[in-house]
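Subject: Model handover, cavities

Hi,

Here is the model for your cavity work. My notes follow below it.

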Amino acid sequence: MTETQNVQVNLECILSKFSVYRLYYLKLFALLIFSGVTNAFYSVNYVFAAGDTVYSCKYSECDDSFVQSNHLSNLNRCHKYDFLHNSTTCSILNSSANQYTYCDEWIYNENKSFVEDFNLACQDWKRTLVGTVHSFGYMIGLLLTGPLADKFGRKKLLIFSGITAASMGLGRSITTSYWIYIALELVEALFGDTYSTTFMLGVEMVTKEDRVAFVTAMTAGTSIAGVVTAVTAWSLPYWRHFLRAIYGPALLFICYIFLLDESVRWLLIKGNLIGEALSVLKKAAKMSQITIDDSDLKNIDCEKLPSNTKFVSLIAMTITSKTLLMRFLACVLMWITGIFNKYALLINSVELEGDKYLNFGLATLSELPASLVLAYLLKRFKRRAPLIGSFVLTGLFCVGQAFVPRGNPWLSISLYLAGKFMATISYATVYLYTSELFPTYTRNTMHALCSSLGRVASILAPQTPLLTVYWSGLPSVIVGGLSLLTGMVIILMPDTAEDALPDTVIEAEAIGKGQAGDVTKL
């Protein structure tokens, strides 16, 4: 063997020979963006599928007002709906008789709505439970799918999750039982999320210079998906048709068995799959019309794990590092704030003054220019500065919006969209930043664990519209305060923009060390 053949070649050097604008990466990005787009279709589908519906009591003594009430003593008490404060009052409707009027039959203003199909009048908690169950299942599901992706591979989990989501969504579109609907919603949330695995596969298949391009493409794709979701909901108001339209495309994940390649970085770290990794690189080189020396492929420098290494041991190696443990805790806070901001602002957009479809569409469309600004910020200012700035500005815009007097819808919506704009930047950056902090053999697990714990926020977010009973600006104030706190914590974190993805704990601990002007960091 010659001297040149003995030289170890870093995977980052081989990947740098590729261009993301050549055929192989265009195909890879298209497949991954499709996965992100379909996930965006159904991640908050309950906003429209299980939307609120105005209804009135069928009894003549209640015909003069719309009603909404609590379930008391197994009887639905008919209360007058207070339009001014958007809350239920306890005034007696039948004032002449000086007594409550009980109501157990209802007239719904929207035919074939979710509330009508399952007869949920005066049971608003059942409608909001859909979003809470989805978020809770998603939180638990990440604890399962993250380790599975690290153990069995990104590709297998992505395909399994995509097909699961399609099956559960289409199943919900035909069920006539509310509790079966809830059960299918839970199963989808547990095993049907594709975004985390998709994101990790994409990040691991590009160089540090091209990570920003991938994140920008994914963020732009999900933004467009949000607009398509709003248009679909508007054009297909019947929730069953709506679900079939957004879940049907996910059946195409079956084709990924033949179209998608596994993460080369994951294949190399597994040790016994090096041959498959080299095959992927050779195919990529052929499609991209570039030449890679066989000697470079044979001498890729990558620390391989022993085939008998237990996954629990790998997790222990990661969290017993004091540096990585402190970073993990900080990442959990960033995820809680980022997720709460994303979902609370998106969900509450349909509660703003004006048309709910237009407001939702504008809220998601704001993510498109945000993705373009994101690309510039991450290239120019690395990671930490954009994170701090976006969280702080989210806080300021949202707190300001909370104090806009009613009757100024465009000022309110403008500040709201500005906050959503900055929240999109922070959320997308957190997604990328977390993937750059942990070693390859536990990257998906640690990323999923941070995301899972952060889903506590997405469980609470669907309930935030209920806070408007006390003050319409309360959800925005909570978003703003949490954002400002998180922005201050990030000051202690390192920057990762100049580092290759770490494969080991030692490499992960060294991230951000020795950068000029840095303060002491976690």
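Predicted model: local features only at pLDDT ≥ 70, side-chain atom pairs only at ≥ 80, totals over all residues.

How much space lies in the second largest cavity? About 70 Å³. A cavity here is a set of points on a 1 Å grid over the protein atoms alone where a 1.4 Å probe fits but cannot get out; lining residues have an atom within 4 Å of a point. Points are joined across faces, edges and corners, and a volume is the space filled by probe spheres set on them.

Residues are numbered from 1 along each chain as its sequence is written, and side-chain values use heavy atoms, without hydrogens and water.

Confidence: mean pLDDT is 80, and 82% of residues reach 70 or more.

The second largest cavity is lined by Asn39, Tyr42, Ser43, His134, Tyr138, Glu188, Ala189, Gly192 and Asp193. H3 gives the largest share, three residues. Helices are DSSP runs (H or I, at least four residues), numbered from the N terminus.

The count is four cavities of 30 Å³ or more. Of its 26 lining residues, Tyr195, Thr222, Lys342, Glu367 and Tyr427 are closest to the centre. H21 (409-435) supplies the largest share, six residues.

Disulfides (cysteine sulfur pairs within 2.5 Å): zero.

Regards

How values were computed. pLDDT = per-residue confidence, 0-100. 1 Å grid on protein atoms, 1.4 Å probe; cavity = no way out; pocket = protein on both sides within 12 Å on 5 of 7 lines; lining within 4 Å. Helix = DSSP H or I, 4+ residues; strand = E, 2+ residues; numbered from the N terminus.
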